[in-house]
Amino acid sequence: MTAQITHLPANTTQEELLRCMAEDGAVIIDDVLGSEQLEALEHDLAAFLKKEVYGRDAFTGFRTQRIGALIARSKACGELAMEPRMLDAARTYLAEHCDDVQLHFTSAVAIAPGESAQILHRDRGIWGGYVPRQIEPLFSTIWALTPFTRENGATQVVVGSHRWEKKRQPEPDEIAYAEMSPGSVLCYNGTVLHGGGANTTEHETRVGVFLHYTLSWLRQEENQYLSCPPEHAEHLSQELRALIGYAKGGYVLGFYSDPDDDSAQHESVSPENLFSQHRGDFDVLPTEEQLVSQSTPLS
Ligand SMILES: O=C(O)CCC(=O)C(=O)O
Ligand SMILES: [Fe+2]
């Protein structure tokens, strides 16, 4: 039988969602968004999707549009990045290897008719293969704005391949397709093989909003400080700002000093000092015991 991605209902438990992620490396949660949220997303993205700018190679896709900087460009995407069930699931899923998660990548991906299938890959490859397999670095979401069908480019997913040796390639019947309705979401990790599907339709474009979460100590794929610079970030909620990286990730991790500040008020401080609201995460000096336990064992 051809491989299938498990579908769970919107009111599923986090336990069930994470059980599928552990077993399959991917899962679809059906019909999470209502029509109002979908309309708000479509409204925010419409102007950008009208500009017909396509990928520049076989990976980015000559018939695929990718719109980034979604947190600065779209209030609805910012709210989606904070969707409590997904954010909580990402936090729990990645908790073993970090103190918190950060938003890593935002993109609206529109696959137009005539696009061929994207090469299957593991998203963890963006770090060049240096993150050991024992560390799962990603909890990624693809929100369907249009139907995702086998014909219009639904994401190909090789269910269970996060547990495969890295050179193993799937047989055709081991590739599942993330077919889902608008408002549903595909969750997948950084290790499962996947790729955009071929769009063999004549007139249907497949649009998904990609929001990926990673460990707060890893470099983000999309540079959030340039994609959402302070003059944009000041309009976000404190939580969303912290999620994209305007907060410390540890006692001294991610501090800044204001190069134009002669008063020394902003010397080696949290990026939160740029804005009026502070959470003050990680401001307390770790104890000696914590400093020891935070270094890695020799073996
Ligand atoms: O468009 C898709 O369904 C997947 C795209 C993807 O995996 C990527 O660009 O890394
Ligand atoms: Fe990918």
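Strand 4 (101-111) and strand 9 (194-195) each give at least two residues to the shell around ligand 1. Helices (H or I, at least four residues) and strands (E, at least two) are DSSP runs, numbered from the N terminus. This is a predicted model, in which local features need pLDDT of at least 70 and side-chain atom pairs count only at pLDDT 80 or more, while totals for chains, interfaces and linings use all residues. Residues are numbered from 1 along each chain as its sequence is written, and chains are lettered from A and ligands numbered from 1 in the order in which they are written.

Let us stay with the ligand for a moment. Around ligand 1 you will find V109, I111, Q118, D123, T155, H194, G195 and G196; a residue is near a molecule if its C-beta atom, placed from the backbone, lies within 6 Å of it. By type, this shell has two nonpolar, five polar and one charged residue. Here Ala, Val, Leu, Ile, Met, Phe, Trp, Tyr, Cys and Pro count as nonpolar, Asp, Glu, Lys and Arg as charged, and the others, Gly among them, as polar.

Now step back to the whole chain. The protein chain has nine helices and 10 strands. Its radius of gyration, 20 Å, is close to the 19 Å that the globule rule gives for 299 residues, so the chain is as compact as a globular protein of that length. This radius is taken over C-alpha atoms, and the rule is 2.2 Å times the number of residues to the power 0.38.

The domain assignment, which is automatic or from a database, gives two entries:

| Domain | Residues |
|---|---|
| Domain 1 | 7-215 |
| Domain 2 | 252-299 |

Taken over C-alpha atoms, the centres of domain 1 and domain 2 are 32 Å apart.

Next, look at helix 1 (residues 14-24), where L17, C20, M21 and D24 are buried. They lie on the same side of helix 1, because they cover an arc of only 100° around the axis; the arc is that of the directions from the helix axis to the C-beta atoms. A residue is buried if 20 or more other C-beta atoms, placed from the backbone, lie within 10 Å of its own. Among the elements covering these buried residues are strand 1 (7-8), strand 2 (26-29), helix 5 (84-94) and strand 8 (185-189). Just after helix 1, G25 has a positive phi of about 80°.

H212 counts as buried because it has 24 C-beta neighbours inside 10 Å.

Technical notes. Buried ≥ 20, exposed ≤ 12 C-beta atoms within 10 Å, placed from the backbone. Contact = placed C-beta atoms within 7 Å.
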